[in-house]
Every structure is written in structure tokens, then in C-alpha cells.
Amino acid sequence: MTDEQFDNEERWLREQFSASLPEVPDQGFSEQVVLRIRKRTLLRNGLPLAAILVGTAVIAWPVVELLGELGQQLAVISQLDWQAVLEANKTVVLGLILGALSPLVISILED
């Protein structure tokens, strides 16, 4: 069956049945369904965005406080006499340097 034959038969059937079947009154049902779908779509799209914004707001205040405290600690640290600190803790400093360099040394030795 070709598309043209199908279209002709479809058209003929619609003509035959449209006379015997009156249109059903909508009474606003379609508009209610469309409105409900739009509300759900807005919720699905808007809820994650709202959660991100609320989460950011909850995190922002402690982050600002922590950055303020860090700024104060950096001011204290910058006033230290680093040469005296390093001289007093040579073993710790050397251990930290060796610990940081050990992965590099191991990767060189493996090649």
C-alpha cells in the first residue's frame, strides 16, 4: 500500500466517522494538563538550581570567616624570624624536604 493510498483511505475514514462522532467539549481540561506539566517542569528544572544557590549561601559565611582567620594567621607568620625557626628545627625541615623529594627520586630510579 502506498502512502497516497493510505492518505486517501485515512481521509475517507475520517470523513465517515467525523459525521457520526460529535466533538467532545474540552471544558478547560487540556489547559489544566498543560499548566500541570509546566509546573512540574519548572520544579524539576528549578529545584536543583535553588538547592545549589542555598548550598552556596550556607557555605559562604564560614568560608569568609575562615579566610579572615587565615589572613590574621598569615600576618603573624610573616612576623616570625624564619632563620631562627629553621635553625631550631633542622631535623624536621630536612625530613619534610626528603619526604617531598622521595617520590621524585623513586620515579627517577625506576626509569
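Predicted model: local features only at pLDDT ≥ 70, side-chain atom pairs only at ≥ 80, totals over all residues.
**View 1. Confidence along the chain.** Mean pLDDT (the predictor's confidence in each residue, from 0 to 100) comes out at 84 for this chain, with 95% of residues at 70 or more. Residues are numbered from 1 along each chain as its sequence is written, and side-chain values use heavy atoms, leaving out hydrogens and water.

**View 2. The nonpolar patch.** Val54, Val58, Ile59, Val63, Leu67, Leu70, Leu74, Ile77, Leu80 and Trp82 make a nonpolar surface patch of about 940 Å². (Patch residues have over 30% relative accessible area and no salt bridge; nonpolar side chains are joined within 5 Å, like charges within 9 Å. Areas are Shrake-Rupley, 1.4 Å probe; a salt bridge puts a Lys or Arg side-chain nitrogen within 4 Å of an Asp or Glu carboxyl oxygen.) Helix α2 gives the largest share, 8 residues. Leu74 sits in α2 and is partly exposed, at 49% relative accessibility (buried is under 20%, exposed over 50%, partly exposed in between).

**View 3. The positive patch.** Arg36, Lys39, Arg40 and Arg44 form a positive surface patch. Arg44 belongs to helix α2, residues 29–78, and counts as exposed, with a relative accessible area of 64%.

**View 4. Ile106 in helix α4.** Ile106 is part of α4, residues 90–110, and is partly exposed at 46%. Its C-alpha is 30 Å from that of Val85, 21 residues apart along the chain.

Technical notes:
Lys, Arg positive; Asp, Glu negative; His and termini not counted. Charge placed at Lys NZ, Arg CZ, Asp CG, Glu CD. Helix = DSSP H or I, 4+ residues; strand = E, 2+ residues; numbered from the N terminus. Buried < 20%, exposed > 50% of the residue type's maximum accessible area, 1.4 Å probe, protein only.
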